[in-house]
Amino acid sequence: MKTSPRQRILQVAKQRFYEEGFHHTGINQLIKEADTAKASFYDHFPSKEALGIQVVRSFGRDILVWFRQILRRSRDPEGFVKAFSRAVHMQTQSEISYYQGCPIAVFSCQFPIGKEPFSQEFRSIAAKWEKTIIDQLERWKALGKLAPGLDTRALALDIINIYEGCLVNWRITGSKEYIDRMEKLLGQLLVAGTSDF
């Protein structure tokens with residue numbers, strides 16, 4: 001069964017914006033690759049910017065689901081570090097997909113800081129990631145798997161910083177050493193039970 005024009009446009013846009021960039025992808029290219037009519041495009045997305053916002057939201061949901069799956073399968077902080085690192089390694093080593101790092105980070109770097117409405121979407125996504133990680137850290141803290149006085153928000157921010165920083169540096173240099181360091185840094189952070197190294 002063929003997917004709807006809206007879904008096809010969104011899927012093609014996700015791929016093209018990720019691989020080629022928002023500003024280097026034209027509406028006509030998207031229409032052609034999505035096998036839809038120009039009028040259909042504008043029925044679903046009044047502008048390229050409106051499509052871009054939907055792409056950002058879709059990437060944000062994808063990553064949130066990915067984070068949640070890893071967190072739910074992790075019985076403790078050490079299990080999370082191993083599962084999370086393994087998942088990132090799989091993404092960066094995949095020959096099947098074209099992976100350039102976190103799609104939100106890749107997309108956000110294409111716009112000046114404060115460029116609305118994109119900046120608001122990026123902030124909203126980051127807040128959801130923080131909450132998801134904080135909630136899990138609080139559960140582990142309640143189970144005695146993390147120190148009772150731990151600042152879970154600070155720790156969640158550090159986890160995100162390490163993840164994004166390692167991916168950006170891997171992307172810049174092409175060196176897997178940054179990905180390897182991610183596991184060590186996260187392990188030190190969570191085993192120490194504090195966000196203050």
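Modeller: In this predicted model, Glu-130 has its place in helix α7, and leaving out residues up to four places away in sequence, Glu-130 touches Arg-153, Ala-156, Leu-157 and Ile-160.

Biologist: Why does Glu-130 count as buried?

Modeller: The relative accessibility of Glu-130 is 18%, and buried means under 20%, so Glu-130 counts as buried.

Biologist: What makes Asp-35 count as exposed?

Modeller: Asp-35 is placed in the loop between α2 and α3 (38-44), and its relative accessibility is 51%; exposed means over 50%, so Asp-35 counts as exposed. Asp-35 also has a positive phi of about 55°, although it is not a glycine.

Biologist: Which peptide bond is cis?

Modeller: The bond from Glu-116 to Pro-117 is cis, with omega near 5°, and Pro-117 lies in the loop between α6 and α7.

Biologist: How do you know that Ile-9 counts as buried, and what is Ile-9 in contact with?

Modeller: Ile-9, which has its place in helix α1, has a relative accessibility of 0%, and the cut-off for buried is under 20%, so Ile-9 counts as buried. Leaving aside neighbours within four places in sequence, Ile-9 is in contact with Ala-34, Thr-36, Phe-41, Phe-45 and Leu-51. Although Ile-9 and Phe-45 are 36 residues apart along the chain, their C-alpha atoms are separated by 9.4 Å.

Biologist: Which residues have the most contacts inside the largest nonpolar core?

Modeller: They are Leu-51, Phe-84 and Tyr-163, in a core that has 61 residues. At least two residues of this core come from each of several helices, including α1 (5-20), α4 (48-73), α5 (77-93) and α8 (152-173), and α4 gives the most, with eleven residues. As for Phe-84, and not counting residues up to four places away in sequence, it touches Trp-66, Phe-67, Ile-70, Tyr-163, Met-182 and Leu-186.

Biologist: Why are α5 and α8 called roughly parallel?

Modeller: The two helices α5 and α8 pack at an angle of about 25°, with their axes 12 Å apart. Angles under 35 degrees count as roughly parallel, and α5 and α8 are therefore roughly parallel to each other.

Biologist: Which residues make the contact between α5 and α8, and how many of them are nonpolar, polar or charged?

Modeller: From α5 the contact is made by Phe-80, Phe-84, Val-88 and Thr-92, and from α8 by Ile-159, Tyr-163, Leu-167 and Trp-170. By class, the contact of α5 with α8 has seven nonpolar residues, one polar residue and no charged ones.

Biologist: What elements does the whole protein have, and how far does its C-alpha trace span?

Modeller: The protein has nine helices and zero strands, and along its principal axes the C-alpha trace spans about 55 × 40 × 30 Å. Of its 197 residues, 47% count as buried. Among the contacts with a separation of 6 or more, 67% are accounted for by residues 24 or more positions apart.

Terms used. Residues are numbered from 1 along each chain as its sequence is written. This is a predicted model: local features need pLDDT of at least 70, side-chain atom pairs count only at pLDDT 80 or more; totals for chains, interfaces and linings use all residues. Side-chain values use heavy atoms; hydrogens and water are left out. A nonpolar core is a set of buried Ala, Val, Leu, Ile, Met, Phe, Trp, Tyr and Cys residues joined through side-chain atoms within 4.5 Å. Buried means under 20% relative accessible area, exposed over 50%, partly exposed in between (1.4 Å probe, protein chains only). Helices (H or I, at least four residues) and strands (E, at least two) are DSSP runs, numbered from the N terminus. Contact means heavy atoms within 4.5 Å. Axes are lines fitted to C-alpha atoms, for helices over the stretch in contact, and angles run from 0 to 180 degrees between N-to-C directions. Angles under 35 degrees count as roughly parallel, over 145 as roughly antiparallel, 65 to 115 as roughly perpendicular and the rest as oblique. Ala, Val, Leu, Ile, Met, Phe, Trp, Tyr, Cys and Pro count as nonpolar, Asp, Glu, Lys and Arg as charged, and the others, Gly among them, as polar.
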